[in-house]
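Let's take a friendly walk through this model, from the overall fold down to single residues. Keep the viewer open while you read.

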Amino acid sequence: MKDTVTRNWALLVLTLGLMLSLAAAWLLHFSEQDQLRNRFVKDVSDRSAVFSRELNTSLETLYTLRTLFIGQAIPRLEDFEFVASNTRARHKDIVAIYWVPEISAGLRGVFERDIATTNSLTSFKILRQLPDGRVVRSDKASGVHRPVVYFQGELSQKIPLGIDLTDNYPVNSLLTQSKLSGGLTLSPGRIALKDSLLKQGDYHSSMMKVALSIPLRGYPGKVAGYIVTVIDLRESFAKALSQIRVAGIDMKLWDQTGVQEPMLLHHHVNRTRLEIDKSRSTLVPMHVNGNRQWFMEALPTFYYFNNKATWLPHLVFVLGMSLTGLICFSFVRIARRNAKIRHETHQLLTSNQELEEISRTDALTAVANRRYFDEVLDKEWKRSLRNKTPLTLIMVDIDCFKLYNDYYGHLEGDECIHIVAQTLRDMMSRPMDLVARYGGEEFAILLPDTNENAVILAEQCRKMIEQHRIAHAASKVSPYVTVSMGVATVNATQTLDVSELIRHADRALYSAKANGRNQVVRAEFEVEHTDSPQLLEQNPSTQQGFQNRER
């Protein structure tokens, strides 16, 4: 009979061990995948930020080049060559630079003469291209000319000097947009700077055109011309990604300005060239100059996640099953010594109870845990009742903490809770003051023999946490981590219960959160009307600053 019972218990233990091992391995696997997903998003965000910085740095150099043309009506070719070549030497992604002045048709002859005189040329003509491909001198009677006068760059991008770009609709539209905006303007997608009949080389699919208008001195709203550049997004990507080596991610740069369909600007293929896992793609907005709305799409390969996955879930399962087998083996042997087992079990339970009584510290925050808080609260309540001294309870809640966890991940969330707990503990000056983790992101501060000074201390704690400036991009209250605090003070009486103190402090905390968070609210505790406490906002400046924000 005893052998049958033992076998049944051993089978039950084996079944439970198998289920628990599978559950632990499964949960660990999903936790690991979630961490890898967060790491993937971070890798993409880092790439996007570096690429944006590199591209914006190249674009900003055009303003330096523009100063060459603001100071003088027609600069010399040598000056342009010197500045443009130095610019391209520093920024490899700039393939070509053009100077395109804007000239009234009536001043065409004067302008042609001035260009030839400035650069010691025999002649300079503004040209236009006929439909059959022939190039002739422009005879436009009205309007403006936008000819290519100076060029510096790769020969594959060179245009015959003098060609009027007003006949090229995409480029002319880009120049007009730059004139209206008065700043940098990126082309809407990829456009050919040269006419198809004048091509001397192939255009790479990732060439982007940028125009910067040159203001006409003394004539607000008018321009003297344009700096036009050709930027190779391949080089921008290569320079950016050389700083962050992460294999196994395809990167696509899209332009989605206005209501147009997204246009692919560049596709960076990962070095592994393995199969893409489209289900885990992510989008990151880009911050680039030029009046365009770009975003980066990242497509990881299966290699990216598989290469970073560990054998830990499998190891946990194997260890779990090994432990289960060991338990079953031990259980069969221990069952034969039932009396001894009961004695050892009793000792083990006693030791666990003693250990549980000793353990009063929360493992994550290193402050008092909830159990110890309840013990101290009961003790201090009785002391307040005996000595007729006030007892203050402050409830603290981290604002929008769920959004923080969702945005930064649970590891960063744990670190945030730890910092807040340590800050609260460091603000306490008396040994009798107690800071405890009440639950989740909520803390409780117990201040014996404290009355009015509790609100001052609470406000100091709130400001100190805010001054840590822990980034909280997902918060609806502030770009940094903040807390809301509810303060309740009471003189204990025989007619009151300690739960009334907790309830009023919790209501004050709720009022602080309902009024916009990041503030301290005090509950005016009245014995005669314990069910209707008066809540007094103790931080009116803070409330005014946040009363119009979303709760």
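The report below covers the chain as a whole, then a helix pair, the aromatic rings, and a handful of individual residues.

## Ground rules

The model is predicted, so local features need pLDDT of at least 70 and side-chain atom pairs count only at pLDDT 80 or more, while totals for chains, interfaces and linings use all residues. Residues are numbered from 1 along each chain as its sequence is written, and side-chain values use heavy atoms, with hydrogens and water left out.

## The chain as a whole

The protein chain has 14 helices and 19 strands. These elements are DSSP runs numbered from the N terminus: helices are H or I with at least four residues, and strands are E with at least two. Of the 551 residues in the protein chain, 45% are buried. Here buried means under 20% relative accessible area, exposed means over 50%, and partly exposed is in between (1.4 Å probe, protein chains only). Among contacts in the protein chain with a separation of 6 or more, 70% come from residues 24 or more positions apart; a contact means heavy atoms within 4.5 Å.

## Helices H10 and H11

Two packed helices are described by the angle between their axes and the distance between the axes. Helix H10 (residues 401–408) packs with helix H11 (residues 410–427) at an angle of about 135°, and their axes are 7 Å apart. That angle makes H10 oblique to H11. For reference, axes are lines fitted to C-alpha atoms, for helices over the stretch in contact, and angles run from 0 to 180 degrees between N-to-C directions. Under 35 degrees counts as roughly parallel, over 145 as roughly antiparallel, 65 to 115 as roughly perpendicular, and the rest as oblique.

Which residues make the contact? On H10 they are Phe401, Tyr404, Asn405 and Tyr408, and on H11 they are His410, Glu412, Gly413, Cys416 and Ile417. The residues of this contact of H10 with H11 divide into five nonpolar, three polar and one charged. In this scheme Ala, Val, Leu, Ile, Met, Phe, Trp, Tyr, Cys and Pro are nonpolar, Asp, Glu, Lys and Arg are charged, and the others, Gly among them, are polar.

## Aromatic rings

The structure holds 12 aromatic pairs. Rings of Phe, Tyr and Trp (its six-membered ring) pair if their centres lie within 6.5 Å; planes under 30 degrees apart count as stacked, over 60 as edge-to-face, and the rest as tilted. Two of the pairs are set out here.

| Pair | Type | Centre to centre | Between planes |
|---|---|---|---|
| Tyr98 and Phe151 | tilted | 5.1 Å | 45° |
| Phe401 and Tyr404 | stacked | 6.0 Å | 5° |

Phe401 and Tyr404, by contrast, both lie in helix H10, three residues apart, about one turn of the helix. Phe401 counts as buried at 6% relative accessibility, and Tyr404 counts as buried at 4%.

Elsewhere, ring pairs link Phe69, Phe80, Trp99 and Tyr150 into a cluster. Arg370 lies over the face of Tyr438, at 3.8 Å from the ring centre; a charge sits over a ring if NZ of Lys or CZ of Arg is within 6 Å of the ring centre and within 35 degrees of the ring normal.

## Single residues worth a click

Val144 is in strand S5 (residues 144–145) and is partly exposed, with a relative accessible area of 31%. Val144 and Ile103 are 41 residues apart in sequence, yet 5.4 Å apart in space, C-alpha to C-alpha. Leaving aside neighbours within four places in sequence, Val144 is in contact with Glu102, Ile103, Ser104, Ala105, Asp164 and Thr166.

Phe124 sits in the loop between H3 and S3. Is Phe124 buried or exposed? Its relative accessible area is 10%, so Phe124 is buried. Not counting residues up to four places away in sequence, Phe124 touches Phe111, Glu112, Ile115, Ala116, Val148, Val149 and Gly162.

Most residues other than glycine have a negative phi. Ser120, with phi near 55°, has a positive value; Ser120 lies in the loop between helix H3 (108–118) and strand S3 (127–129) and counts as exposed at 67% relative accessibility. Asp449 has a positive phi of about 50°.
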